[in-house]
Amino acid sequence: MPECVSVVADSPAPTLPRGDLWAVDVGFRRRQLASRWVEFQWELACVRLPSHEGPSDCDAFFPCQPIELHPSEGEGYWLNLNSPAPCVFVMWRQEEADASPVPVVVTLSYNEAGRMLDAGERVEQKPIPELLRDALSAYVAAHYSPQVRRKVRRNDPFRDEGGQP
(Lines give C-alpha, C1' and ligand atoms only; values in the text may rest on other atoms or scores of the structure.)
Protein backbone atom coordinates (compact mmCIF):
# COMPACT_ATOMS: atom_id res chain seq x y z
CA MET A 1 0.00 0.00 0.00
CA PRO A 2 1.39 3.43 -0.85
CA GLU A 3 2.22 5.86 1.87
CA CYS A 4 -0.74 8.21 1.85
CA VAL A 5 0.54 11.74 2.27
CA SER A 6 -2.05 14.48 2.50
CA VAL A 7 -1.66 17.57 0.36
CA VAL A 8 -2.67 20.67 2.26
CA ALA A 9 -4.06 23.46 0.12
CA ASP A 10 -2.25 26.09 2.22
CA SER A 11 1.17 24.41 1.95
CA PRO A 12 3.74 26.60 0.14
CA ALA A 13 5.01 23.92 -2.27
CA PRO A 14 3.23 20.58 -2.52
CA THR A 15 5.63 17.81 -3.49
CA LEU A 16 5.31 15.56 -6.50
CA PRO A 17 4.67 11.86 -5.93
CA ARG A 18 7.83 9.75 -6.24
CA GLY A 19 8.50 6.13 -7.05
CA ASP A 20 6.20 3.65 -8.76
CA LEU A 21 3.36 3.62 -6.23
CA TRP A 22 1.15 6.69 -5.82
CA ALA A 23 -2.19 7.30 -4.10
CA VAL A 24 -5.39 9.24 -4.83
CA ASP A 25 -8.75 9.68 -3.11
CA VAL A 26 -11.73 8.36 -5.10
CA GLY A 27 -15.33 9.42 -4.52
CA PHE A 28 -18.67 8.27 -5.97
CA ARG A 29 -22.12 9.82 -5.85
CA ARG A 30 -25.61 8.51 -6.43
CA ARG A 31 -27.41 10.08 -9.36
CA GLN A 32 -31.19 9.86 -9.17
CA LEU A 33 -32.91 8.34 -12.19
CA ALA A 34 -36.42 8.74 -13.47
CA SER A 35 -37.12 5.04 -13.86
CA ARG A 36 -39.65 2.67 -12.39
CA TRP A 37 -37.06 -0.13 -12.06
CA VAL A 38 -34.00 1.69 -10.72
CA GLU A 39 -33.99 4.62 -8.29
CA PHE A 40 -30.38 5.71 -8.73
CA GLN A 41 -27.11 5.02 -10.50
CA TRP A 42 -23.56 5.29 -9.12
CA GLU A 43 -21.11 7.54 -10.93
CA LEU A 44 -17.53 8.62 -10.34
CA ALA A 45 -17.64 12.00 -8.59
CA CYS A 46 -14.00 12.88 -7.95
CA VAL A 47 -10.41 11.72 -8.14
CA ARG A 48 -8.04 13.93 -6.19
CA LEU A 49 -4.77 13.90 -4.33
CA PRO A 50 -5.12 12.79 -0.72
CA SER A 51 -6.07 15.68 1.57
CA HIS A 52 -7.20 16.34 5.10
CA GLU A 53 -10.62 17.37 3.85
CA GLY A 54 -13.40 14.83 3.81
CA PRO A 55 -15.57 14.09 0.80
CA SER A 56 -17.38 17.16 -0.45
CA ASP A 57 -20.23 15.84 -2.57
CA CYS A 58 -19.57 12.10 -2.38
CA ASP A 59 -21.90 9.39 -1.11
CA ALA A 60 -19.09 6.80 -1.09
CA PHE A 61 -15.50 7.87 -0.45
CA PHE A 62 -12.34 5.76 -0.68
CA PRO A 63 -9.16 7.47 0.53
CA CYS A 64 -5.63 6.49 -0.54
CA GLN A 65 -6.40 4.23 -3.49
CA PRO A 66 -3.11 2.99 -5.04
CA ILE A 67 -1.89 3.81 -8.53
CA GLU A 68 0.87 1.43 -9.60
CA LEU A 69 3.15 2.65 -12.35
CA HIS A 70 4.91 0.11 -14.57
CA PRO A 71 7.70 0.97 -17.04
CA SER A 72 6.11 -1.44 -19.53
CA GLU A 73 3.00 0.82 -19.60
CA GLY A 74 5.06 3.84 -20.72
CA GLU A 75 3.28 4.11 -24.06
CA GLY A 76 -0.13 4.20 -22.36
CA TYR A 77 1.00 6.97 -20.00
CA TRP A 78 2.50 8.89 -22.93
CA LEU A 79 -0.74 8.56 -24.92
CA ASN A 80 -2.72 9.81 -21.92
CA LEU A 81 -0.46 12.84 -21.42
CA ASN A 82 -0.59 13.74 -25.12
CA SER A 83 -4.36 13.44 -25.40
CA PRO A 84 -6.52 16.59 -25.46
CA ALA A 85 -7.72 15.88 -21.89
CA PRO A 86 -5.43 13.67 -19.74
CA CYS A 87 -7.42 11.53 -17.30
CA VAL A 88 -7.30 9.22 -14.32
CA PHE A 89 -9.14 5.98 -15.07
CA VAL A 90 -11.01 4.13 -12.31
CA MET A 91 -12.25 0.57 -12.80
CA TRP A 92 -14.94 -0.19 -10.22
CA ARG A 93 -17.36 -2.91 -9.32
CA GLN A 94 -20.58 -3.21 -7.39
CA GLU A 95 -21.21 -6.53 -5.62
CA GLU A 96 -24.98 -6.17 -5.28
CA ALA A 97 -27.53 -3.86 -6.86
CA ASP A 98 -27.89 -1.66 -3.77
CA ALA A 99 -24.27 -1.94 -2.59
CA SER A 100 -21.77 0.90 -2.75
CA PRO A 101 -19.27 0.84 -5.61
CA VAL A 102 -15.73 -0.29 -4.83
CA PRO A 103 -12.74 0.96 -6.84
CA VAL A 104 -10.66 -2.01 -7.95
CA VAL A 105 -7.96 -0.43 -10.15
CA VAL A 106 -6.89 3.19 -10.58
CA THR A 107 -4.59 3.77 -13.55
CA LEU A 108 -3.12 6.53 -15.69
CA SER A 109 -2.55 4.33 -18.75
CA TYR A 110 -4.78 4.58 -21.81
CA ASN A 111 -3.77 1.08 -22.86
CA GLU A 112 -4.58 -0.51 -19.50
CA ALA A 113 -7.97 1.26 -19.36
CA GLY A 114 -8.69 0.06 -22.90
CA ARG A 115 -7.88 -3.54 -21.96
CA MET A 116 -10.24 -3.31 -18.98
CA LEU A 117 -13.03 -1.91 -21.18
CA ASP A 118 -12.42 -4.69 -23.73
CA ALA A 119 -12.85 -7.20 -20.89
CA GLY A 120 -16.28 -5.72 -20.12
CA GLU A 121 -15.34 -3.93 -16.91
CA ARG A 122 -16.86 -0.65 -15.78
CA VAL A 123 -14.26 2.12 -16.24
CA GLU A 124 -14.89 5.82 -15.66
CA GLN A 125 -12.54 8.77 -15.98
CA LYS A 126 -11.94 12.14 -14.39
CA PRO A 127 -9.43 14.86 -15.34
CA ILE A 128 -5.99 14.29 -13.86
CA PRO A 129 -4.95 16.70 -11.08
CA GLU A 130 -2.22 19.10 -12.25
CA LEU A 131 0.34 17.95 -9.69
CA LEU A 132 -0.20 14.32 -10.69
CA ARG A 133 0.10 15.24 -14.38
CA ASP A 134 3.46 16.90 -13.72
CA ALA A 135 4.69 13.84 -11.82
CA LEU A 136 3.50 11.53 -14.62
CA SER A 137 5.34 13.68 -17.18
CA ALA A 138 8.54 13.27 -15.19
CA TYR A 139 7.96 9.50 -14.92
CA VAL A 140 7.34 9.15 -18.66
CA ALA A 141 10.45 11.22 -19.47
CA ALA A 142 12.53 8.90 -17.30
CA HIS A 143 11.04 5.55 -18.42
CA TYR A 144 9.73 5.90 -21.99
CA SER A 145 10.85 7.16 -25.36
CA PRO A 146 8.57 6.75 -28.40
CA GLN A 147 9.97 4.42 -31.04
CA VAL A 148 10.99 6.09 -34.27
CA ARG A 149 8.99 4.71 -37.15
CA ARG A 150 11.02 3.64 -40.13
CA LYS A 151 9.79 3.82 -43.66
CA VAL A 152 9.09 0.32 -44.91
CA ARG A 153 10.24 -0.43 -48.42
CA ARG A 154 7.64 -2.49 -50.23
CA ASN A 155 8.52 -5.31 -52.55
CA ASP A 156 8.06 -4.18 -56.15
CA PRO A 157 6.64 -7.09 -58.21
CA PHE A 158 7.95 -5.58 -61.45
CA ARG A 159 11.53 -5.28 -60.26
CA ASP A 160 13.85 -8.11 -61.34
CA GLU A 161 16.36 -9.91 -59.14
CA GLY A 162 19.24 -7.54 -59.97
CA GLY A 163 17.36 -4.49 -58.81
CA GLN A 164 16.59 -3.17 -62.31
CA PRO A 165 13.01 -2.45 -63.36
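Which side chains meet in a salt bridge at 2.4 Å, N to O? In this predicted model, the pair is Glu 73 and Arg 115. Glu 73 lies in the loop between S3 and helix H1 (74-81), and Arg 115 lies in helix H2, so the bridge ties together parts that are 42 residues apart in sequence. Glu 73 counts as buried, at 11% relative accessibility. Arg 115 is partly exposed, at 46%.

**Salt bridges**

The structure holds four salt bridges. Three of them, including the pair above, are listed here.

| Glu 73 | Arg 115 | 2.4 Å |

Glu 43 sits in strand S2 and Arg 31 in strand S1, 12 residues apart. Shared partners join Arg 29, Arg 31 and Glu 43 into one network. Both arginines are partly exposed: Arg 29 has a relative accessible area of 24%, and Arg 31 is at 38%.

**Helix H2**

Helix H2 spans residues 110-118, and its buried residues are Glu 112, Ala 113 and Met 116. These cover an arc of only 100° around the axis, which puts them on the same side of H2. What do the buried residues of H2 pack against? Their partners are strand S4 (87-93), strand S5 (102-107) and strand S6 (122-127).

At the start of H2, Ser 109 makes a contact with the backbone: one of its side-chain oxygens comes within 3.3 Å of the backbone nitrogen of Asn 111. After the helix comes Gly 120, with a positive phi near 90°.

**Cys 64**

Most residues other than glycine have a negative phi. Cys 64 is not a glycine, yet its phi is positive, about 55°. Cys 64 belongs to strand S3, residues 60-68. Is Cys 64 buried or exposed? Cys 64 counts as buried because its relative accessibility is 14%, and the cut-off for buried is under 20%.

**A nonpolar surface patch**

Which residues make the nonpolar surface patch? Leu 33, Trp 37 and Val 38 form it, and its area is about 340 Å². Trp 37 is in the loop between strand S1 (21-32) and strand S2 (40-48). Trp 37 counts as exposed, with 73% relative accessibility. Strands S1 and S2, on either side of this loop, also hold Arg 31 and Glu 43, respectively.

Methods: Residues are numbered from 1 along each chain as its sequence is written. This is a predicted model: local features need pLDDT of at least 70, side-chain atom pairs count only at pLDDT 80 or more; totals for chains, interfaces and linings use all residues. Side-chain values use heavy atoms; hydrogens and water are left out. Patches are made of residues with over 30% relative accessible area and no salt bridge: like charges are joined within 9 Å, nonpolar side chains (Val, Leu, Ile, Met, Phe, Trp, Tyr) within 5 Å. Accessible areas come from the Shrake-Rupley method with a 1.4 Å probe; for residues, only the protein chains shown count as cover. Helices (H or I, at least four residues) and strands (E, at least two) are DSSP runs, numbered from the N terminus. Buried means under 20% relative accessible area, exposed over 50%, partly exposed in between (1.4 Å probe, protein chains only). The arc is that of the directions from the helix axis to the C-beta atoms. Contact means heavy atoms within 4.5 Å. A polar contact is a pair of N or O atoms within 3.5 Å; within protein, one must be able to donate a hydrogen and the other to accept it, and residues adjacent in sequence count only if both atoms are side-chain atoms.
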